[in-house]
Amino acid sequence: MRKIDYHMHTHYSADSEASPREHILAAINKGLDEICFTDHKDFHYPYCPFDLDADRYFHELKQLQKEFANQIKMKIGLEMGLDVEFYDEINAFVNAHDYDYVIGSIHVIHQSEFYDPADFFKGKTKEEAHQEFFENTLECVQKFDCFNCLGHLDYICRYGPYVDKQVNHQRYQSIIDDIFQTLIQKGKGIEVNTSGYKDRKTCGFPTFEQVERYYQMGGRIITVGTDSHTSDRVGEHVEDVLKEYQRIGFDDVSTFTKRVRD
């Protein structure tokens, strides 16, 4: 399988100060075959302005693409926060530039974000919060077509003022199955986001059980990304994920050019 990192953030994201060049050098040092930068854009994020200067972003990354062309394959992507309240704005933003790859992620629901437990989770049981998260995710993947893969499916488990933050997948499996079926029908994929290893120790977001279910339902479009905001995390746990993909039955990861699967 090709060793890729298809989820990386730099100083173009408000929550990172990383240098794109340092990310590239780290990827080369770790023997990655292909990388994709996916800096943030959200139209409403209360505590951090995820506003991407796409013109400057493309200008710098295209120069780096040429500079390192003989050392690593590099793509220019986007992590787009999907939000049905900004449907027209999101589509216009994505279509304004020639991104190679777009991750669709859920960071905000009804202008409430997950990072602060006093915001989205206020007054909700864990079950209520997780139910709303998966229902909103399903609504977004049904409505939007401007993305290639759904980002970090169950990362909601990272947040919330609960002793046990983990997702009881069985409780929401019918909704998750609807999410997978919608993605498959639309020719969209999923990622395993290796930042989840920090929380779960043995897997990322989502769990490998959910990846296997996606595969059993017919899903074949899959990527892996570190969600790295610092260069030391580029490529982290990628090989662990690829071994699991092979065990499940995937022949290879998916890569993209101009939002078309290679």
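**Entry 1: ground rules**

I worked on a predicted model in which local features need pLDDT of at least 70 and side-chain atom pairs count only at pLDDT 80 or more, whereas totals for chains, interfaces and linings use all residues. Residues are numbered from 1 along each chain as its sequence is written, and side-chain values use heavy atoms, with hydrogens and water left out.

**Entry 2: the sheet**

I looked up the strand order first, taking helices (H or I, at least four residues) and strands (E, at least two) as DSSP runs numbered from the N terminus, and counting two strands as paired if DSSP finds at least two bridges between them. Seven strands make an open sheet with parallel pairing, in the order β1-β2-β3-β4-β7-β8-β9. The edges are β1 (4-8) and β9 (222-225), each of which pairs on one side only. At the β9 end, β8 (residues 189-193) pairs with β9 in the parallel sense over four bridges, and Glu-191 stands opposite Thr-223 in β9.

I then asked which strands helix α2 touches. Helix α2 (residues 54-67) packs on the sheet against β2 (34-41) and β3 (73-81), where contact means heavy atoms within 4.5 Å. The direction of α2 makes about 155° with that of β3; for such angles, axes are lines fitted to C-alpha atoms, for helices over the stretch in contact, and the values run from 0 to 180 degrees between N-to-C directions.

Ala-54 lies in helix α2 and is buried at a relative accessible area of 6%; I used under 20% for buried, over 50% for exposed and the range in between for partly exposed, with a 1.4 Å probe and protein chains only. Leaving aside neighbours within four places in sequence, Ala-54 is in contact with Phe-93, His-97 and Tyr-99. From Ala-54 to Lys-41 the C-alpha distance is 9.5 Å, at a separation of 13 residues in sequence.

Lys-41 itself is buried, at 7% relative accessibility, and lies over the face of Phe-93, 5.2 Å from the ring centre; a charge sits over a ring if NZ of Lys or CZ of Arg is within 6 Å of the ring centre and within 35 degrees of the ring normal. Lys-41 also forms a salt bridge with Asp-51, at 2.6 Å from N to O, the term meaning a side-chain nitrogen of Lys or Arg within 4 Å of a carboxyl oxygen of Asp or Glu. This bridge joins Lys-41 in strand β2 to Asp-51 in the loop between β2 and α2, ten residues apart, and Asp-51 is exposed at 52%.

**Entry 3: other salt bridges**

How many salt bridges does the rule give? The count comes to 15. One of them pairs Arg-158 with Asp-199, the closest N and O atoms being 2.9 Å apart. Arg-158 is in the loop between β7 and α5 and Asp-199 in helix α6 (residues 197-200), so the bridge ties together parts 41 residues apart in sequence. Arg-158 is partly exposed at 23%, and Asp-199 is partly exposed at 29%.

I also noted Arg-247 with Glu-244, at 2.8 Å from N to O; these two are three residues apart in helix α8 (residues 238-248) and therefore separated by about one helical turn. Glu-34, Lys-75 and Asp-262 are linked in a network of salt bridges.

**Entry 4: aromatic pairs**

I counted rings of Phe, Tyr and Trp (its six-membered ring) as paired if their centres lie within 6.5 Å, with planes under 30 degrees apart called stacked, over 60 edge-to-face and the rest tilted. The whole structure holds 23 aromatic pairs. Tyr-87 and Phe-144 have ring centres 5.1 Å apart and planes at 40°, so I wrote this pair down as tilted. Tyr-87 belongs to helix α3 (residues 87-95) and Phe-144 to the loop between α4 (126-143) and β7 (149-150), so the pair ties together parts 57 residues apart in sequence. Tyr-87 is partly exposed at 29%, whereas Phe-144 is buried at 0%. The charged end of Lys-143 sits over the ring of Tyr-87, 4.9 Å from its centre.

Phe-114 and Tyr-155 pair edge-to-face, at 6.1 Å between centres and 70° between planes. Phe-114 is buried at 1% and Tyr-155 at 7%. Ring pairs link both into a cluster whose members include Tyr-115, Phe-120, Tyr-172 and Phe-205.
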